[in-house]
Amino acid sequence: MSIRWDPVLVRHLARELNGVLAGARVRALRLDGETRDLALLLEDRTLTWALHPTQGWPRLVAPTDPVESDFKLKTRVVGVESPDDERIVRFVLSPAQGRPLVLLVELLGNQWNALLVEGDDSSSGLASAPASDTAGVIRHVLVRRDGARVQRVGEPYRAPEPMTRAGLRGEVDEAAWTAALVAVPEEARAKTLVQRFAWTSSLNAPALLGTGYERWRTITDPDTPSEPVLLDLPTGPQPYPFPLAGVPSRRVESLLAAFEACAATADPTSAPGVGVFDPALLEQLDGALKRADGRVGRMETELAELPEPAALRALGDLILARYAEIPHGSTRAPLVGFDGQAVEVDLDPALAPHANAAAYYQRATKAERAAAQLPALLEQARAARDRVADLVTRARTGTATEAEIAAVLSRGSPRAETPREARPALPYRVFRSSGGLEIRVGRGAHHNDDLTFHHSSPGDVWLHARHVGGAHVILRWPGPGNPPARDLAEAATLAALHSKARTSGSVPVDWTFRKYVRKPRKSPPGRVTVERVETLFVRPDEGLLRALEAGSGEG
């Protein structure tokens, strides 16, 4: 099922959200482009909004602590509003360092999106302004899009074309309403209503045709209080501010309660907390499940392909019995088996015949040991895989805790699985900036912590691409003050290139001095908290990667 949005529903939801959120202190914003989830982390609660095209419900859940990849906001909600006759919800936030912020939730067709726009003073007030009055630069976006309305970080925000239908504030008399409808065939009147008159939609037009002009005036009147209901549509339950003639419905306490019911109907395992986990944490958990699946698969294959110990011992016996017939240095010997049948025996040319026989006996012993041990180990691996799979499901539905996830991720893979010679000598790659400064780029999540906390100095500069998984980057800097702008920009570009935003046109990269980076207790690999962060917007340039390459030594 999916929520259907029209201007009437958007207007009354915005009013309801304004009533419960106005004045609330904002801690951070989280946008997960993969699941299409928005989470606005407030001091006493969290607003989540599932913006996947098959969902659409906003929910108020328990408060959640921000994580490193979140967009940190030290601000308040001035108010929540919707431009007249539009499907856009605007969360106006108090200015951050003098620059107003607006969180926009666009509910247009199947192009739902959420954007944080940093604008000018014209967008800082609340006056039911048209969406086009929101000006400024996109600082965070749920789904990056190109086309007529480019929606990417660093690009100017372009609002949708405003609706120009008649009766925006009810200023259409009954004669004009009636004349417009009687001029077209009956089967075309619902379509005409939606094309000509404000606040109408395919959702409410059939009912308005039956109830007439006065009902349209009632629902378009801004002073009309809502009467929240759940409409019983063929596609499933649908929240709406008013009952609609001819449509079965039941009263609910509020629109937010109606959306909560829709979420529970779509997914009975759904619980408050959905969408509030750090996307990077969920991604790491998915990786843990993939590794657990791989381990089970390898063990199943090994068990299925185990050779028969008796057959291996028989070949060893045959080699010893036909010792004189086997030339030294042979890779294969045709022998006559004990049953009189010809047998081709594979040999190691570097070993004498008796040593080849001993090797067959060793393989038989190893196969027997594996046959005895593997079934139990496989059951343990399957049980461990199932526990991780269950945790993934509970994390996606909000019933897991962050401590449970961190515990699974902190175990990691056994170190013995990685041969020592395959491990990099250092946890980072080395580059050299145009100004001669060394730039160290972490080799992955498990090495990021090592680089940040064991291969850097407090005065070095730490960088990381904002809101996406990626390498920690250290710009070696003896001080004092900030490093040269060019060297800093080059280090930021390397951080962007070694992140999941490497294909974006513009990437925000956070930087601070290493002394302001901390490692939370029991946090998974690569997770840190940072203070005094500044942000650079850079364009990933593969050419720079080659130009600054300086080898892999520590320098």
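I began with an open sheet of 3 strands, ordered β11-β10-β12, with antiparallel pairing. Before going on, I noted that this is a predicted model. I marked β11 and β12 as the edge strands, since each pairs on one side only. From one strand to the next, I read an average twist of 25°. I then looked for what packs on the sheet and found α6, which touches β10, β11 and β12. The direction of α6 makes about 165° with that of β11.

Next I took β10, residues 229-233, and checked its burial. Of its 5 residues, 4 are buried, so the strand is largely enclosed by the rest of the structure. On one side I counted 5 bridges from β10 to β11 (residues 236-240), and the two run antiparallel.

Which residues does valine 229 face in β11 and β12? In β11 I found tyrosine 240 as its bridge partner. In β12, arginine 251 stands opposite valine 229.

**Where α6 meets α1**

I went back to α6, residues 255-266, and looked at its crossing with α1. Two packed helices are described by the angle between their axes and the distance between the axes. Here I noted axes that come within 9 Å and cross at roughly 110°. That angle falls in the range of 65 to 115 degrees, which means α1 is roughly perpendicular to α6.

I listed the residues that meet: Leu9, His12, Leu13, Glu16, Leu17 and Val20 from α1, and Leu255, Leu256 and Phe259 from α6. Sorted by class, I have 7 nonpolar, 1 polar and 1 charged residues in this contact.

**The cores**

How many residues does the largest nonpolar core have? I got 66, and Trp5, Leu38, Trp49 and Phe91 have the most contacts inside it. Helix α1, residues 7-21, gives the most to this core, with 7 residues. Apart from it I noted another core, of 28 residues, including Val441, Ala491, Leu494 and Ala496.

**Two residues with positive phi**

Most residues other than glycine have a negative phi. I stopped at aspartate 85, which is not a glycine and yet has a positive phi of about 60°. Aspartate 85 sits in the loop between β5 (71-81) and β6 (88-96). Is aspartate 85 buried or exposed? I found it buried, with a relative accessible area of 1%.

Tryptophan 199 went into my notes too, with a positive phi near 75°. I placed tryptophan 199 in the loop between α3 (189-196) and α4 (205-211). Its relative accessible area is 0%, so I wrote tryptophan 199 down as buried.

**Whole-chain figures**

To finish, I looked at the protein chain overall. I have 13 helices and 22 strands. Of the 555 residues, 46% are buried. Among contacts between residues at least 6 apart in sequence, 60% join residues at least 24 apart.

How values were computed:
Residues numbered from 1 in each chain as written. Predicted model: local features only at pLDDT ≥ 70, side-chain atom pairs only at ≥ 80, totals over all residues. Heavy atoms only, no water. Core = buried A, V, L, I, M, F, W, Y, C linked by side-chain atoms within 4.5 Å. Buried < 20%, exposed > 50% of the residue type's maximum accessible area, 1.4 Å probe, protein only. Axes fitted to C-alpha atoms, helices over the stretch in contact; angles between N-to-C directions. Parallel < 35°, antiparallel > 145°, perpendicular 65-115°, else oblique. Contact = heavy atoms within 4.5 Å. Nonpolar A, V, L, I, M, F, W, Y, C, P; charged D, E, K, R; others polar. Pairing = 2+ DSSP bridges.
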